[in-house]
Amino acid sequence: MSDPLILGLESSCDDTAAALVRGRRILSSVVLGQAELHADFGGVVPEIAARAHAEKIDHCVEAALEEARVTLAEVDAIAVTAGPGLIGGVLAGVMCAKGLAAATGKPLIGVNHLAGHALTPQLTDGVAFPYLLLLVSGGHCQFLLVEGADEFRRLGGTIDDAPGEAFDKTARLLGLPQPGGPAVERAAAEGDARRFALPRPLLDRPGCDMSFSGLKTALLRARDAIVAEKGGLTVTDRADLCAGFQQAVADILAEKTRRALAEAGVSRFAVAGGVAANGTVRAALEAVCAETDTGFLAPPLALCTDNAAMIAYAGGALFALGRRDGMDLAARPRWPL
Ligand code: KG4
Ligand code: ZN
């Protein structure tokens with residue numbers, strides 16, 4: 001018998017997404033971003049995001065069905081991100097999924113957004129449990145020991161900003177465009193990472209928790225010192241600041257990964273989230289894995305960042321475990337794994 005066909009919906013941040021997945025096969029994955037709606041505000045505006053999700057999600061589902069060449073009647077279950085995330089957006093997805101489930105009589109499954117990210121290495125590469133996952137994005141930064149489709153252990157994470165957020169703020173401080181990560185990486189390519197002595201917070205403390213807000217403050221001070229001295233930043237100053245910042249983030253993530261691997265005692269490691277696109281970060285993590293004889297995996301970026309295929313896949317795994325939710329499925333702004 002073939003695997004069940006799962007429709008997945010995702011709307012917890014600034015991407016409206018729908019996908020159809022059967023087992024590990026992605027039949028369609030539609031992601032409608034909202035970057036242009038938030039561009040003038042320096043961050044995602046929850047009200048604007050919620051309205052855009054509510055407006056676009058039906059269209060997104062239709063597009064995903066069309067692309068997969070299936071009808072709603074053929075779908076076996078409807079999986080939806082029920083949190084954590086911006087509550088207005090999560091509600092838009094949950095309401096849509098409930099409507100579809102009520103209209104068709106199909107089972108409804110609420111999925112934790114983080115579980116979607118955590119199971120992505122299985123979806124893309126069939127990685128067997130257990131494995132260690134580092135999720136590094138604009139909103140998240142944590143180590144998860146993934147032992148089963150519904151068995152996760154958080155080994156540590158950021159105690160303040162997520163690294164992607166720190167990249168975005170760094171770009172803003174230096175007058176570079178958003179999203180900050182790619183802009184900082186481009187500028188850093190020409191820079192000298194050793195010119196500024198930026199801190200590596202929490203490396204002197206045991207455990208896998210991380211901190212990035214002090215790094216941002218140090219960067220701000222270094223920038224202000226140059227501006228006070230010379231009246232502005234040159235291209236070289238900017239490049240050196242970016243390179244120093246990027247290297248500090250890579251060093252923190254690499255050292256904490258070394259510790260998390262020792263604590264988890266697993267032989268497989270995967271990285272997910274937008275920051276995984278960064279070449280310096282990726283190389284530092286790969287080096288730690290090579291050093292510790294750990295398999296390294298970085299799923300394709302389109303599946304590392306927010307999407308609904310990961311929600312459909314995680315929903316399918318829960319469906320196989322017998323999970324079903326009722327019409328009382330709640331949208332949760334906070335939902336630790
Ligand atoms: O996973 P993602 O698309 O969205 C969520 O945060 O959920 O991650 C976006 C974040 C942004 O903060 C962006 O600046 C960062 O990932 N990012 C990068 C790079 N590409 C994207 N950070 C560093 N280097 C990059 N090349
Ligand atoms: Zn995410």
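**Figure 1. Two domains of one predicted chain.** Domain bounds come from an automatic or database domain assignment, and in this predicted model the protein chain is divided into domain 1, which covers 5–121 + 306–320, and domain 2, which covers 138–301. Taken over C-alpha atoms, the centres of domain 1 and domain 2 are separated by 28 Å. Where the domains touch, eleven residues of domain 1 are in contact with 13 residues of domain 2. On the side of domain 1 that touches domain 2, α4 (113–125) and α11 (309–320) each supply at least two residues, and α4 gives the most, with six residues. Sorted by class, that side of domain 1 has eight nonpolar and three polar residues, with no charged residues.

**Figure 2. The crossing of helices α2 and α3.** In this view, helix α2 (residues 46–68) and helix α3 (residues 87–104) have axes that come within 7 Å and cross at roughly 20 degrees. Because angles under 35 degrees count as roughly parallel, α2 is described as roughly parallel to α3, and the crossing of the two helices is right-handed. From α2, the residues Pro46, Glu47, Ala49, Ala50, His53, Ala54, Ile57 and Asp58 take part in the contact, and they meet Gly88, Gly89, Ala92, Gly93 and Cys96 of α3. The residues of this contact of α2 with α3 divide into seven nonpolar, four polar and two charged.

**Figure 3. The crossing of helices α8 and α9.** Here the axes of helix α8 (residues 235–264) and helix α9 (residues 279–291) cross at roughly 25 degrees and come within 9 Å of each other. These two helices are therefore also described as roughly parallel to each other, and α8 passes α9 in a right-handed crossing. On the α8 side, the contact is made by Gln246, Gln247, Val249, Ala250, Asp251, Leu253, Ala254, Thr257 and Arg258, while on the α9 side it is made by Thr280, Val281, Ala284, Leu285, Ala287 and Val288. Divided by class, the residues of the contact of α8 with α9 are nine nonpolar, four polar and two charged.

**Figure 4. The surroundings of ligand 1.** Ligand 1 is surrounded by 20 residues, and the closest are Ser137, Gly138, Gly164, Gly181 and Gly274. The elements that give two or more residues to this shell are α5 (163–173) and α6 (180–188). When the residues of the shell around ligand 1 are divided by class, ten are polar, six are nonpolar and four are charged.

Figure 5. Most residues other than glycine have a negative phi, and most peptide bonds are trans. In the loop between β4 (77–83) and α3 lies Pro84, and the peptide bond that leads from Gly83 to Pro84 is cis, with omega near -10 degrees. A cis peptide bond also joins Gln178 and Pro179, where omega is about -5 degrees, and Pro179 has its place in the loop between α5 and α6. The remaining detail concerns Arg69, which lies in the loop between α2 and β4. Although Arg69 is not a glycine, it has a positive phi of about 55 degrees.

Methods:
Residues are numbered from 1 along each chain as its sequence is written. Chains are lettered from A and ligands numbered from 1 in the order in which they are written. This is a predicted model: local features need pLDDT of at least 70, side-chain atom pairs count only at pLDDT 80 or more; totals for chains, interfaces and linings use all residues. Axes are lines fitted to C-alpha atoms, for helices over the stretch in contact, and angles run from 0 to 180 degrees between N-to-C directions. Helices (H or I, at least four residues) and strands (E, at least two) are DSSP runs, numbered from the N terminus. Angles under 35 degrees count as roughly parallel, over 145 as roughly antiparallel, 65 to 115 as roughly perpendicular and the rest as oblique. A crossing is left-handed if the near helix is turned anticlockwise from the far one by less than a right angle, and right-handed if clockwise. Two residues are in contact if their C-beta atoms, placed from the backbone, lie within 7 Å. Ala, Val, Leu, Ile, Met, Phe, Trp, Tyr, Cys and Pro count as nonpolar, Asp, Glu, Lys and Arg as charged, and the others, Gly among them, as polar. A residue is near a molecule or strand if its C-beta atom, placed from the backbone, lies within 6 Å of it.
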